[in-house]
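Reader: I am new to reading models like this one. Could you walk me through a few features, giving the general idea before each case?

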Amino acid sequence: MILETRNLSFRYENKGRQILEQFSLQADSNERVGIAAPSGFGKTTLCKLLAGYEQPETGEILLDGKPLQSYKGYCPVQMIWQHPEQAVNPRLRMKSVLEEGDQIDPKLMEKLGIEPDWLNRFPTELSGGELQRFCIARALGKRTRFLLADEISTMLDLITQSQIWHFLIEETQKRGIGMIVVSHDAELVERVCTRVVRMNKQ
Amino acid sequence: MKEAATFPEKRLDVYTEKNFAENEEGYRKKKWNRRKTIIVLLIVAIGFLAAVCIGGFFCKEAAQVTDFSRKNLPPCLSYPFGTDWLGRDMFARTVRGLSISIIIGVCAATFSAVMAFILGVVSATMGKTADAVVTWFIDLVMGIPHMLLLILICVACGRGLKGVILGVALTHWTSLARLIRGEVLQLKEQIYIKTAKKLGKSNLYIAMKHMVPHLLPQFIVGLVLLFPHAILHESSITFLGFGLSNEQPAIGIILSEAMKYLVTGKWWLALFPGIMLILTVVCFFTTGENLRMLLDPASVHE
């Protein structure tokens, strides 16, 4: 599968700051594309566009030649957010959070180091890093074809970071899931990805 | 240098094992006490309100019996609230009046809260035009003085029980509607709700699983806190003569009639019904505030 953007332009408000202009990118299912840029270059915005959370002003986003918007129901492009505590409902137990994903393989939890005891807890009773593992597991549903990782390891210690990245590389390779890794950490991107794209300020 | 030398000593002093154990115990005791107090207060408040309601049901006859052999009696053992100039038992009249007030309060507050909920959700989810219309109505109703609008609606609807309930209901929905609207607007922007949508969940699922659990506590607390307002407004317009008719022993009627006799020294006619009215309002208010504390996630860890 190929995820592709053509001449993408975007700004949040009419006549607001131009965040992306004429941005084009192509990513294949069997590669891991890294996007490295300093803060304020529109990395998160690009992720939101690619995952369908926002509509581009001009240009198009195609998944296998079809517009992303034409995929109804479960979106094959899933995004993992930078702040896991905002990405889970504080009133639901972690069990129900995981149930929202698409038939998640129980083996994933073991590989991510999720303890069975955590499933009965509320999000406020877990740390950011522990929550992030749940968010990763939730995004790796059966029908996921592309994974967008937006600064997912910023809040983790180095050992956990390495565990999670090893897991993600192995899992995406095995299942043929394409990955787009966004980070301001150029070294991490260099290490994890098969190809690196740099964003330039207009 | 001197301070640096004394610092560790001080810390040791604070964290001796004994102190720590005492703190721990004190903390646990306090936590347990607060929850217990809230629940006891809730039970007392609900018990009082239920007693008034049930009492009012049985006092219907007693409140209207006139007996000139016992007129103008000050409070005594057989007539704890005294009797009035027609020899009616003030205790029975007060309880009956309060129970009418509570029923009006419950009806009006429920009607008002349901209206607020529907309008709040409509304004937050049905697009810009709906939002503009509902917000305009909220501003309109809030802009007119409460009492004036209440009297207007009440008189236009033919006074009596129906007029009072409609009047109170139609003037009290605004702040709760605004709250619900804001809450839904905020929820819609939450990342976890957008993510649920991308995970292929239907709007109904999101509403039931993500939105309702957030809105329900707000709604219930808003509803309970509407009761005291409704009761006070009901008695004020009745007191002013625009509410319930004179034959009904409503608390507003009792108070306005007692005004004429207050100057002749019959203080018990206004004092006891007034105190009872305040007690009822305070009961509803504490119930609401305590419910808020129990349901509010922010105070869970207190």
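Reader: Which residues do ring pairs link into a cluster in chain B?

Author: The general idea is that rings of Phe, Tyr and Trp (its six-membered ring) pair if their centres lie within 6.5 Å; planes under 30 degrees apart count as stacked, over 60 as edge-to-face and the rest as tilted. Here the cluster is made of W267(B), W268(B) and F272(B).

Author: Before we go on, note that this is a predicted model, where local features need pLDDT of at least 70, side-chain atom pairs count only at pLDDT 80 or more, and totals for chains, interfaces and linings use all residues. Residues are numbered from 1 along each chain as its sequence is written, chains are lettered from A and ligands numbered from 1 in the order in which they are written, and side-chain values use heavy atoms, with hydrogens and water left out.

Reader: How many aromatic pairs are there over all chains?

Author: The count comes to 9. One of them joins Y53(A) and W81(A) edge-to-face, at 5.0 Å centre to centre and with 80° between the planes. Y53(A) sits in the loop between α1 (43–50) and β4 (58–63) of chain A, and W81(A) in the loop between β6 (77–80) and α2 (94–99) of chain A, so the pair ties together parts 28 residues apart in sequence. Helices (H or I, at least four residues) and strands (E, at least two) are DSSP runs, numbered from the N terminus.

Reader: Is Y53(A) buried or exposed?

Author: Buried means under 20% relative accessible area, exposed over 50%, and partly exposed in between (1.4 Å probe, protein chains only). Y53(A) is buried at 12%, and W81(A) is buried at 9%. Back in chain B, W267(B) and W268(B) pair edge-to-face, 5.7 Å centre to centre with 85° between the planes. W267(B) is partly exposed at 43%, whereas W268(B) is buried at 7%.

Reader: And how do I read salt bridges?

Author: Side chains of opposite charge can pair when their charged atoms come close. The rule asks for a side-chain nitrogen of Lys or Arg within 4 Å of a carboxyl oxygen of Asp or Glu. By this rule there are 15 salt bridges over all chains. R93(B) and E257(B) form one of them, at 3.5 Å from N to O. R93(B) belongs to helix α3 (residues 90–125) of chain B and E257(B) to helix α10 (residues 251–262) of chain B, so this pair ties together parts 164 residues apart in sequence. R93(B) is buried, at 4% relative accessibility, and E257(B) is buried too, at 16%.

Reader: What separates E171(A) and R175(A) in helix α5 of chain A?

Author: These two are 4 residues apart in helix α5 (residues 158–175), a separation of about one helical turn. E171(A) forms a salt bridge with R175(A), the closest N and O atoms being 3.2 Å apart. E171(A) is buried at 5%, while R175(A) is partly exposed at 28%.

Reader: Where chain B meets chain A, how many residues does the contact take from each?

Author: Contact means heavy atoms within 4.5 Å. Here 17 residues come from chain B and 20 residues from chain A. On the side of chain B that touches chain A, the elements giving two or more residues are α8 (191–198) and α9 (203–239) of chain B. The largest share, 7 residues, comes from α8(B).
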